[in-house]
Amino acid sequence: MNQHLKIGITCYPSLGGSGVVATELGKLLAEKGHEVHFICHGVPFRLGSFHKNIIYHEIEVSDYYVFRYPPYDLSLATKMAQVAKTENLDILHVHYAMPHAVCAFLAKQMVGDQLKVVTTLHGTDITVLAQDESLKDLIRLAINESDAVTSVSRDLIKETREVLDISRDIDLAYNFVDERVYYPRPCLECRDDFAAPEEKVLMHISNFRPVKRVSDVIDIFEKVTRKIPSKLLLVGEGPDLPKIQCKIKEMGISDKVHFLGKQDDIAHVISMADVLLLPSEKESFGLVALEAMACGVPTVGSVAGGIPELVTHGDSGFLAPIGDTDQMAEYCISLFSDDKLAERMKKACLDRARNDFSSDRITSIYEAIYYRVLNRE
Ligand code: GMT
């Protein structure tokens with residue numbers, strides 16, 4: 001019989017899909033009786049209230065005057081080893097290869113082979129960092145030395161193999177959402193604050209980085225609003241935000257666009273939308289599209305990275321080539337002009353999120369990987 005494990009989790013604790021998935025996974029594992037130790041430089045923002053099976057260990061970075069740069073990576077590796085030894089960890093599950101998998105590799109050298117390292121690749125560690133020749137060998141080493149490696153999409157597995165020339169096994173473990181949090185919320189009242197009942201609501205949620213192509217979001221919306229009364233809600237912030245604000249002003253559509261800034265209660269916010277726009281240049285998974293799907297909101301987006309593995313074209317959303325804003329606008333218009341299609345898509349979204357990306361299913365995949373590397377199947 002599989003017994004409860006002691007699992008260390010390291011992730012980026014601030015905003016970002018990888019941190020969200022790592023934290024939600026830790027919470028679910030703790031609910032199943034495992035003891036979970038978060039080893040991070042800050043409390044993961046989705047950690048929430050007290051749970052007896054969750055312990056948080058903060059990394060303290062040494063700041064001696066001889067160091068020109070505080071050695072975060074070495075402090076993390078040391079902390080991982082320390083926690084692994086004192087708490088008798090079975091597993092160190094690190095999210096993001098750089099630097100977390102590298103630190104876990106170092107920690108394992110200090111602790112011994114009984115500590116098993118599982119690395120989850122989330123995307124930009126491969127699609128951006130591993131393109132850098134100076135980092136390639138280090139990332140390849142960390143991946144090859146992990147006891148198991150998981151990826152959030154088939155597309156990312158393919159890209160990891162191509163970019164890093166890696167042939168080892170990589171397990172597929174799609175992202176998930178907690179269905180107790182992500183479901184269609186009653187939101188008529190707050191929707192009224194932004195749009196009239198006859199208007200449609202388009203929404204985009206991201207960190208406003210160039211890879212998200214937020215400028216395309218504005219172009220799509222501008223084309224849609226010429227034909228269908230609608231409003232655009234923009235959620236999040238990031239480097240492209242000022243540029244986007246200027247563009248909206250120049251296009252004369254400021255009265256139709258609302259900026260909501262960073263929001264914590266995404267399930268609530270997303271439930272106001274009729275469609276989510278995700279026209280990214282690159283997206284290894286697209287967690288926000290799953291969050292929308294679980295709330296019954298279809299995505300109109302790009303055929304990029306892992307998005308087609310999540311959004312089934314014509315069923316739970318519509319996908320067009322990257323940059324094809326005409327086609328994406330057409331898809332929104334057809335969705336808004338056909339109530340039966342909208343209803344069918346909403347149902348397909350709910351079914352797909354619950355069946356294919358359920359938290360229980362994905363958590364079990366991770367547990368099976370832990371037992372496998374520990375030879376306790
Ligand atoms: O690009 C982001 O939005 C942040 C980034 C991260 O590090 O959290 O997201 C990556 O991981 C998410 C969780 O697995 C995926 O859903 C995103 O698609 C992925 N981002 C990219 O591939 C650009």
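Q: How many bridges join β5 to β6, and which way do the two strands run?
A: In this predicted model, four bridges join β5 (residues 116-121) to β6 (residues 148-151), and the two run parallel.

Q: Which residue is the bridge partner of Val118 in β6?
A: Ala148 in β6 is the bridge partner of Val118.

Q: And what's the strand order of the sheet they sit in?
A: The order is β3-β2-β1-β4-β5-β6-β7, an open sheet of seven strands with parallel pairing. Two strands count as paired if DSSP finds at least two bridges between them. The edge strands, β3 (54-58) and β7 (171-172), each pair on one side only.

Q: Which strands does α6 touch?
A: α6 packs on the sheet against β5, β6 and β7, and its direction makes about 125° with that of β6. Contact means C-beta atoms, placed from the backbone, within 7 Å. The angles run from 0 to 180 degrees between N-to-C directions, with axes fitted to C-alpha atoms, for helices over the stretch in contact.

Q: What about α15, which strands does that one lie across?
A: Helix α15 (residues 359-373) lies across β4 (91-95), β5, β6 and β7, at about 145° to β5.

Q: Switching topic: what domains does the protein have?
A: The assignment gives domain 1 (6-176 + 358-373) and domain 2 (188-356). Those bounds come from an automatic or database domain assignment. Taken over C-alpha atoms, the domain centres are separated by 30 Å.

Q: How many residues are in contact between domain 1 and domain 2?
A: 15 residues of domain 1 are in contact with 12 residues of domain 2. On the domain 1 side, α1 and α6 (154-164) each supply at least two residues. That side divides into six nonpolar, seven polar and two charged residues. Here Ala, Val, Leu, Ile, Met, Phe, Trp, Tyr, Cys and Pro count as nonpolar, Asp, Glu, Lys and Arg as charged, and the others, Gly among them, as polar.

Q: There's a six-strand sheet too. What's its order?
A: That open sheet runs β10-β9-β8-β11-β12-β13, with parallel pairing. β10 (257-261) and β13 (317-320) stand at the edges with a single partner strand each, so one side of each has no neighbour in the sheet. The twist averages 20° from one strand to the next.

Q: Which residue in β9 stands opposite His204?
A: His204 stands opposite Leu234 in β9. Six bridges join β8 (residues 200-205) to β9 (residues 230-235).

Q: Which strands does α8 lie across?
A: Helix α8 (residues 214-227) lies across β8, β9 and β11 (275-278), at about 175° to β8. Helix α13 (residues 325-336) touches β8, β11, β12 (299-302) and β13, at about 160° to β13.

Q: Now the ligand: which residues are closest?
A: Gly16, Gly17, Ser18, Gly123 and Ser284 are the closest of the 19 residues around the ligand. A residue counts as near if its C-beta atom, placed from the backbone, lies within 6 Å. α1 (17-31) and α4 (124-127) each give two or more residues to that shell, and α1 gives the most, with three.

Q: What's the make-up of the shell around the ligand?
A: The shell has five nonpolar, 12 polar and two charged residues. At least three come from each of domain 1 and domain 2.

Q: How confident is the predictor?
A: The average pLDDT, the per-residue confidence from 0 to 100, is 95, and 99% of the residues score at least 70. The complex gets an ipTM of 0.96 and a pTM of 0.95.

Key. Residues numbered from 1 in each chain as written. Predicted model: local features only at pLDDT ≥ 70, side-chain atom pairs only at ≥ 80, totals over all residues. pLDDT = per-residue confidence, 0-100. Contact = placed C-beta atoms within 7 Å.
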